[in-house]
Amino acid sequence: MLNKAEYIYSVPDSAVSHKTNVIPFINYSKPAPQRCLDMLLAKYKGEPFQTEVIMEEPPKNTVPYLKCELRNASILLITDGGLVPRGNPDRIPSTNAGCYGVYNIAGEVRLRSEAYEVSHQGYDFTYVEEDPNRLLPVDVLRQLEKEGVIGNLYDAFLSTAGVMTSTEKSRSLGKKIAEYVMAHRIDAVIITSACGTSTRCGAYVGMAIEEKGIPVVQVTNLTQISMDAGISRIIKGDNVCYPYGRPSLSKQGEYAYRRQLVEKTLELLKEMPD
């Protein structure tokens, strides 16, 4: 049932990454579709070609490891998918937020649909508003806490809207969130991500936390974006609109799917990528 989920370790690839000090020659006398086709054919034939879009090579950060056993670990949930309490009390913008909210979930065994809404313009959040656990798997983590698999689920989650957030602003936001993490008893972080630019924002937030020595797993359907950013641990979620959900299943089936995916996420926290 979990055939879509997979572990991904992000390893920068010098063959597809390019340094920013290389300025490409672009022959604008040729239409863009023709230039694109020429590059594609050259790549197919194994001939040299130069991309027109120079990407910054991802930083090679030290990969942090879990410093305690999972059964003693405090796990924090973060999302760039814009989940907020009804009424959006912190007025989190729906695009390019650059800020985050901290929302108490102490004593909650699952996230209730009537208590939350989404402030985010990058994906169809209907599924998340129907069941917020499709974005943040509080229901499964509370059960695993009860079973002693994890020490505890931290009694608050952090949320922002990462869509349309620039790299620079994402890094700045990441530093602020990393400071919050370091100021509290948190051993590991799970970040759930939505659309493309939102996933990119989530990756930079996760990398800022990794720099502090805290292991992070980013759960996203758009894994290539996370890999290009350079975050260390990535797991593929089911869909951009519900990384921890599968609405086509029955409630029991979807919960079972979510539990399997959460268990894989936790296992990845314990792994050490090369």
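The chain exposes about 13,100 Å², of which carbon and sulfur atoms supply 52%; accessible areas come from the Shrake-Rupley method with a 1.4 Å probe, and for residues only the protein chains shown count as cover. This is a predicted model, in which local features need pLDDT of at least 70 and side-chain atom pairs count only at pLDDT 80 or more, while totals for chains, interfaces and linings use all residues. Residues are numbered from 1 along each chain as its sequence is written, and side-chain values use heavy atoms, with hydrogens and water left out.

**Overall architecture**
- The chain has 7 helices and 9 strands, taken as DSSP runs numbered from the N terminus (helices H or I, at least four residues; strands E, at least two).
- Of the 274 residues in the chain, 50% are buried (under 20% relative accessible area; exposed is over 50%, partly exposed in between; 1.4 Å probe, protein chains only).
- Among contacts (heavy atoms within 4.5 Å) between residues at least 6 apart in sequence, 77% join residues at least 24 apart.

- Most residues other than glycine have a negative phi.
- Asn 88 lies in the loop between strand 3 (83-85) and strand 4 (101-104), and its phi is positive, near 45°.
- Asn 88 counts as buried because its relative accessibility is 10%.
- Asn 96 lies in the loop between strand 3 and strand 4, with a positive phi near 50°.
- Asn 96 is partly exposed, its relative accessible area being 31%.

**Thr 199 in helix 5**
- Thr 199 is placed in helix 5 (residues 196-210) and counts as buried at 0% relative accessibility.
- Not counting residues up to four places away in sequence, Thr 199 touches residues including Asp 80, Gln 218, Leu 222 and Ile 225.
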